[in-house]
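This report describes selected features of a single protein model.

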Amino acid sequence: MEDITPLTNLQQPIVKKKMTERQPLLLQSEATGSEERQPPRPDVRSSPENILVNVQSDDSYGTGSNESLEKSTYNPSLHRTLEHPTSNFDTLVHLLKGNIGTGILAMPDAFKNAGLYVGLFGTLLMGAICTHCMHMLVKCSHELCRRLQQPSLSFSEVAFCSFETGPSGLRRYSHVARRMITTFLFITQMGFCCVYFVFVAFNIKEVVDHYFPHNYISVKVYLTLILLPMIPLNLVRNLKYLTPVSLAAAVLTILGLAFSFFYILQDLPATNTVKPVATWAQLPLYFGTAIYAFEGIGVILPLENNMKRPEDFGGSTGVLNTGMTIVACLYTTVGFFGYLKYGENVKGSITLNLPPDQFISQMVRIAMAVAIFLSYTLQFYVPVNIVEPFVRNQCEEQRTKELASTALRVTLVVFTFLLAVCIPNLGPIISLVGAVSSSALALIAPPIIEIITFYPIGLGKYNWVLWKDIAILLFGLCGFFFGTYASLDQILNPGIN
């Protein structure tokens, strides 16, 4: 799941802005509630990594010199003022929404590339590692907020501040770190949009081919037909007008998953009918798909920053652990039983394996295709708002700015369409997006940030934090390189697997 102006230079004062209509959907659920409201004060929302809010500081970064005692007792959460802070339950719902997407439908294909039992324990382990990395990111954010006397920081700002306040030899790379995080966020979201194009086209094609078997139409034709309504839909700039679209997508997704479970759990074969362990050559594909599924690290800081009681986010029974436990168990269940049900014939999306001769299964395909089609706009909102301010700044007149923004949106939609046309294979493209961008954000960036953030104050007894982070970093790098290689190899040689 599922805002956003570019990050300001952290060495410049942050200008406070009134909230506009371009508000993330995160706020819309709680706006109608009867929760106790705090005195309103505008919160600047400028997190480019996802469609959720992030709170910015009222002060400039790095201004003034405070006493050490003040820094050690500074509590960032006490200095956050929000018009619509989210409850623990609201945050849990948004956390689930931010992690559950098309990746859950690809988990049976991931298990095929891992084997039944390697996939079972590997997915749980992957979930544990990704959850730990999310805790690391939140911990670093809190430390840097105390150090800089700031209420909150976004993902890319945490990267910037960790280098800026870390070892003197690394401070020159602070801007590079911020750009790297923003770039991978952009690549991730564009990758999601490309996957959405392919997913919708394949599911519609399956339905049409069943009812009209003699009229073969290439998947590229369906991609083109999808492009036509996709362009005007993504010209809508106010997320307020997309609220009904988001609600419809959520309802259709829930219904689609429920009926998919119904078919998967019927007449399950014995576990010895599928392979328990896959080959080493297939494991990188499993890694890419699994890490793609755990796609929610970009929403972690915005969610924690916007909570009414942020102290409940962490901890062993906190919101983060509760939500990620649900996500990991759900992914493991879908992957395990989906692969057990369909074996080596499982496809890139479990909806493509549903029985074609039943009307309900065809409706599930259509429902999921419509849900993902409608969700494209929300995913697209992130990358376009990373690039759009830069494009608008190149123009002087307001009319020219609007035309440039429109042209940018059309160009980016067409770009994801062209990528989908070039790689019309759902399984490998999901694995590629996961291996390239999701692993960089979820497994590589957090340990680097933690090492640099806590280097000045120590990394634990015997430097155990350092060794732990190095192990996670090496795991992420191996997945990055081997997963990317295996995914590209399968894309270029589709008959190899």
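## Nonpolar surface patch

In this predicted model, helix α12 gives the most to a nonpolar surface patch, contributing 5 residues. The patch covers about 1,000 Å² and is made by Tyr 211, Phe 212, Leu 247, Val 251, Leu 255, Phe 259, Phe 359, Ile 360, Met 363, Ile 366 and Val 370. Helices α8 (243-264) and α12 each supply at least two residues of this patch.

Leu 255, one of the patch residues, is found in helix α8.

## Arg 392 in helix α12

Helix α12 spans residues 359-393 and includes Arg 392. The side chain of Arg 392 makes a polar contact with the side chain of Ser 405 at 2.9 Å, and another with the side chain of Glu 402 at 3.2 Å.

When neighbours within four places in sequence are left aside, the residues in contact with Arg 392 are Arg 237, Gln 398, Lys 401, Glu 402 and Ser 405.

The buried residues of α2 are Asp 90, Thr 91, Leu 92, His 94, Leu 95, Gly 98 and Asn 99. They pack against α4 (116-148), α9 (283-293), α10 (300-305) and α11 (319-342).

Conventions. Residues are numbered from 1 along each chain as its sequence is written. This is a predicted model: local features need pLDDT of at least 70, side-chain atom pairs count only at pLDDT 80 or more; totals for chains, interfaces and linings use all residues. Side-chain values use heavy atoms; hydrogens and water are left out. Buried means under 20% relative accessible area, exposed over 50%, partly exposed in between (1.4 Å probe, protein chains only). Helices (H or I, at least four residues) and strands (E, at least two) are DSSP runs, numbered from the N terminus. Contact means heavy atoms within 4.5 Å. A polar contact is a pair of N or O atoms within 3.5 Å; within protein, one must be able to donate a hydrogen and the other to accept it, and residues adjacent in sequence count only if both atoms are side-chain atoms. Patches are made of residues with over 30% relative accessible area and no salt bridge: like charges are joined within 9 Å, nonpolar side chains (Val, Leu, Ile, Met, Phe, Trp, Tyr) within 5 Å. Accessible areas come from the Shrake-Rupley method with a 1.4 Å probe; for residues, only the protein chains shown count as cover. A salt bridge is a side-chain nitrogen of Lys or Arg within 4 Å of a carboxyl oxygen of Asp or Glu.
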